[in-house]
Amino acid sequence: MTLDIPAPGGSPPVSAHRDLHSEQGARLGEHPGRARGPVVKVVDLAWLVFEKPDLGRAETFARDFGFAVASRTPDELRLRGTWAGTDALVIRRGRRSRFVGSVFRAADRSDLNRLARHAGVGVRPLRPGSPGSIVDVVDPTGISVSVVHGAETHQTLPDQRPLPVNTGAAAPRINAGQRPAREPARVQRLGHVVLQTPRFLAALDWYLETLGLIVSDFLFLPGQRDRGPTMAFLRCDRGSVATDHHTLAMHLGPERGYVHSAYQVTDLDALAAGGEYLAERGYHRAWGIGRHIQGSQLFDYWRDPDRLMVEHFADGDLFDASLEPGWAPMSGSGLAQWGPSVTRDFLGATPSPARLRAVVEALRGENTELTAGRLLNLLKAMAR
């Protein structure tokens, strides 16, 4: 149903279909995109956890991608951006390269107690010798999710300054050329993570009801809106404080877990020059450069040496809690306003034994929301 959410300051609710971010808003009886009484309301994505067998190779790519190293031991690599805050990535030594889980930040220590009681788990110290407490839970897909409070934070590091840009009559740059440095695009912060799941609606409701996330945009299969959404972009609910268009995105699909994660850089020049730096070092671009529709970000997607996908982004949308979800049909061409055509690599459409096994398991699995018909329609939609 259409939500009746007061805007900051008591003004009327903001409709999602007044040409703000989507041509269509919700219809009567459709998913509202938020829970009435969530267990907690997380305020941000703190860091992501990965395992990799070669931390030396992981560190080399991380520096080339634009991270700063916060700490390094024989068994753990911690990475950060230039902005003040917690680590952005924690990479532990493991037998294979894999995504372990997401860690969200709570507003207050009491949120951890409430979440722990709800999940029937304990609150534990973050790690020996460091401040902070954490609660570990699992989403309906089986992905590890943690919520932290009081973790150690870093001071600001030097950032890349945005270049002065002449735009028509507004010309601040006189008698000077533009020469962006060919260097890594310095990561400022972790922006979002994208997940795939054959239990999309169950996982969606869990994140709304448990962590208090709210939906910015829904995507649905063309001609099948009555069957509900197949993708959602979720943001943190901080009331009148604007937050990223999505901190978490998820979509229906046969595989379970990580699709990509995204890291903010200063501007288009930093993103593009940083991409040239990566290309010169032999890394593989998965898709880009372009500008998204949902979220509006400038984007550039890359594969790390273990084939995990990561994104540089800049100039993304910021929404406060007053904005209703938008609804749009799902398609490959609908992923970008401009830029090169979406690649098979980005879509994960390249056949492999692992993907074929995932399809078979998803179609045979218990509580799966994926059918052969829906999978075929997903493939058709992304080919459009």
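Visitor: On a 1 Å grid over the protein atoms alone, a cavity is a set of points where a 1.4 Å probe fits but cannot get out, and lining residues have an atom within 4 Å of a point. Which residues line the second largest cavity?

Guide: His 192, Asp 244, His 245, His 246, Gln 297, Phe 313, Gly 316 and Asp 317. Keep in mind that this is a predicted model: local features need pLDDT of at least 70, side-chain atom pairs count only at pLDDT 80 or more, and totals for chains, interfaces and linings use all residues. Residues are numbered from 1 along each chain as its sequence is written, and side-chain values use heavy atoms, with hydrogens and water left out.

Visitor: What is the volume of that second largest cavity?

Guide: About 30 Å³. Volume here is the space filled by probe spheres set on the points, with grid points joined across faces, edges and corners.

Visitor: What classes of residue line the second largest cavity?

Guide: One nonpolar, five polar and two charged. Nonpolar covers Ala, Val, Leu, Ile, Met, Phe, Trp, Tyr, Cys and Pro; charged covers Asp, Glu, Lys and Arg; the others, Gly among them, count as polar.

Visitor: Which helices and strands supply at least two residues each to the lining of the largest cavity?

Guide: Strand S1 (44-52), helix H1 (55-65), strand S4 (89-93) and strand S14 (257-264). These are DSSP runs numbered from the N terminus: helices are H or I with at least four residues, strands are E with at least two. H1 has the largest share, at four residues.

Visitor: Switching to aromatics. How many aromatic pairs?

Guide: The count comes to 16. Rings of Phe, Tyr and Trp (its six-membered ring) pair if their centres lie within 6.5 Å; planes under 30 degrees apart are stacked, over 60 edge-to-face, and the rest tilted. One of the pairs is Phe 61 with Tyr 283, edge-to-face, at 5.0 Å centre to centre and 80° between the planes.

Visitor: Why does Phe 61 count as buried?

Guide: Because its relative accessibility is 7%, and buried means under 20% relative accessible area (exposed is over 50%, partly exposed in between; 1.4 Å probe, protein chains only). Tyr 283 also counts as buried, at 17%.

Visitor: Which residues do ring pairs link into a cluster?

Guide: Phe 61, Phe 65, Phe 67, Tyr 263 and Tyr 283.

Visitor: What lies over the face of Tyr 277?

Guide: Arg 281, at 3.4 Å from the ring centre. The rule wants NZ of Lys or CZ of Arg within 6 Å of the ring centre and within 35 degrees of the ring normal.

Visitor: Back to S1. How many of its residues are buried?

Guide: Eight of nine.

Visitor: In which sense do S1 and S5 pair, parallel or antiparallel?

Guide: Antiparallel, over seven bridges, with S5 being residues 98-105. Two strands pair if DSSP finds at least two bridges between them. Asp 44 has Arg 105 in S5 as its bridge partner. S1 also runs parallel to S4, joined by five bridges, and Val 49 stands opposite Val 90 in S4.

Visitor: Pockets next. What is the volume of the second largest pocket?

Guide: About 440 Å³. A pocket is an open set of points with protein on both sides within 12 Å along at least five of seven lines.
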